[in-house]
Amino acid sequence: NITPGSSSFRKLSGMITSFGSFAALGFNLATAGLQLSIVGMNVVPVLGFRATIKGIRNARLAMKPGTEANKKYGKILQDLGLDMNTNDGRVQEIYENALKVANQSGTRVNLKRVKDASLFLFNGMDKMGRVITAIAAKEHGINIARRIAQKQSRYNFTSITEAQKYLKREERLLFEQYMRLGGPNKISMTDDAVLDAFSRNMVDETNFVYNTSNVPFAFNNAVAAPLLQFKTWVQKETMFVLQSIFDAPKNLPLAQRYEEFIKITGAFTALGGIFSLPGGQEMDLFMRTVFGVSLEGRMGAGDVFTIVDTENIFGIYPTRLFKAATAFKEGRVDKGINYLLPRAIQNLKQGLEILDSGRLMSSYSGDLVFDYDEMDSNPMYAAVLKMAGFESPDETRNRILKYALYDKSRKTGNEVRLAKWRAFRNMDDGDFEEAYAILAEYNVSRQEAVELWKKSRLETEADRTTIGNTTRSDELLADVQNYRNKFR
C-alpha cells in the first residue's frame, strides 16, 4: 500500500529522486562544469584572484601524501573529508537510499557501478572546487588577519557583534573562528588552528553543504523531495548573493560595504551574462509570460554565452514525467520518450542530429531551433558543445534575438492609448485621413475606424482608449515571420 508516510512510499520517493539525479547529472559535462564554476562565481569575489590561482596550482599536489603541499594543507583536506573520493552533496545520499530498494546483491553492485561511473566527473569537479577553496583560504588567511588587526586598531571593536559592523564576509569568518578558539588571551589570529578552521568554514560558505541536516525540512520530506529536487543549489546561491547585500558591514563607506556584491555581479556577468545571476532567468521568464516583454532580449543579442542549460539541471524531474505521460496519451511516443531520457542522452541525440543534418532540433517538440548550414555557422563546433551539455554562442544568440524580436513586435498599452487618443481627436476635428493613417498601424481599417469613433463618442473618455485586438504591429510581426522562415 503506497501511501504518504509508508515505507513503500519512501522507497518510491527515493527511486524517483535517484533516477532524477542520474537523468540530470549522470554523464553530463555541463553539470560538472557548474560545480567547478563555483570557484569563479563565489571564491574569486571573496578570496581574490591571486589566492585562487595559488589554490589551483597546489590542488593536485595537495592530494598526494609526501609532497610539501600535502604537508601544508593535508590536515584541512582530511578534516573536510576531501582526501577520499566522496561527494558531499545529496546525490550520494539519494543513491544510497535507492540501493536499499534493490533486494538482489547483484543489482545493488551494478547500480553502484553505474552511479560511480556516471557521477565521476561531477564528484571530481565538486571535490576539486572544494580543495581549491580550502587552499586559497589558507593562503589568504594571513592577509585577512592583517586587515582585521588594522580595523581593530582603527575602530576598537572586541566582540563579534561589534565586528560585524566593520568586517567583510571573509574577515568576519576568520574573526569568529579566532574568538571561538580563545581570542587574544589564548591564541594568535595567524595561528594554524585559526587559519585551518577559517579554511574549513570558507569551503562550506562558498561551496555549500547539501546533507539533510543543512537543507529546509521540506526538502527532506518523502512527498516533497522529488518535487523540490535540485532547488537547494539555487536557494543557497541566491542566499549567498543576498548576504553580500544585507550582511554587508554597515559602518564602512558605501563602496567598501558593497564591494563583494559588485565583485560577485561581475563574476556572474563574465561567466554567463547578467541574466545568469540567481533569479535572472526566472524573472525574464515571468516577464515574457505575464507581460510579453523579454528583458534579456532588450539587452541585445550576441553578447551572452550561457554556460549551463539551467532549465534541465534545475528542472523538476516529476514535471518531465507528467509531460511524458501527456505526450504518450496524445500519441506522441517520440516526444514522450524524449522527456524520459536522461539529459546526457538528449545532448548526445541533438549533437548527432547537428552532425548529420546541420540542424539543432528541440529535444521535446522536435521543432527546428537553429539551422547552422543556413546561417553559415560551424555545425561541428556546435555538435561537440551540445554533446558535452553546453549551449553554443550561435544558439544563445538565436534564443535572445527571438525574444528581442518578439518583444519589439508588441505595442505597449501606453502607445496604443496615445495613438487612439490622437486618432479620435483628429476625427473629432474632421481630419479623418490623419486618423486613418494613425490607426492603420494597429490593423484598423477605415470602416472599422469610423465605426469605433462613432461608438466611442457615446462612451466615457476612459472607454475611448480601449480597442480590442489592436496591440500588434503588422510590420514588426512580419519581421519575426521572416526571421523564422530562415530556419525552414
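Sorted by class, the residues lining the second largest cavity come out as two nonpolar, three polar and seven charged. Here Ala, Val, Leu, Ile, Met, Phe, Trp, Tyr, Cys and Pro count as nonpolar, Asp, Glu, Lys and Arg as charged, and the others, Gly among them, as polar. This is a predicted model, where local features need pLDDT of at least 70 and side-chain atom pairs count only at pLDDT 80 or more, while totals for chains, interfaces and linings use all residues. Residues are numbered from 1 along each chain as its sequence is written, and side-chain values use heavy atoms, with hydrogens and water left out.

Back to that cavity. Its volume is about 80 Å³, and a search of the whole structure turns up four cavities of 30 Å³ or more. A cavity is a set of points on a 1 Å grid over the protein atoms alone where a 1.4 Å probe fits but cannot get out, and lining residues have an atom within 4 Å of a point. A volume is the space filled by probe spheres set on the points, which are joined across faces, edges and corners. Among the lining residues are Lys-168, Arg-172, Asp-247, Pro-249 and Glu-260. Helices α9, α12, α13 and α14 each supply at least two lining residues; helices are DSSP runs (H or I, at least four residues), numbered from the N terminus.

Leu-195 sits in helix α10 (residues 192–207). It counts as buried because its relative accessibility is 2%, the cut-off being under 20% relative accessible area with a 1.4 Å probe, protein chains only. Leaving aside neighbours within four places in sequence, Leu-195 is in contact (heavy atoms within 4.5 Å) with residues including Lys-138 and Leu-174.

Asp-371, in strand β2 (residues 368–371), is buried too, at 4% relative accessible area. Its side chain makes these pairings, with polar contacts being N or O atoms within 3.5 Å, one able to donate a hydrogen and the other to accept it:

| Partner of the Asp-371 side chain | Distance |
|---|---|
| Arg-359, side chain | 3.1 Å |

Terms used
Buried < 20%, exposed > 50% of the residue type's maximum accessible area, 1.4 Å probe, protein only. 1 Å grid on protein atoms, 1.4 Å probe; cavity = no way out; pocket = protein on both sides within 12 Å on 5 of 7 lines; lining within 4 Å.
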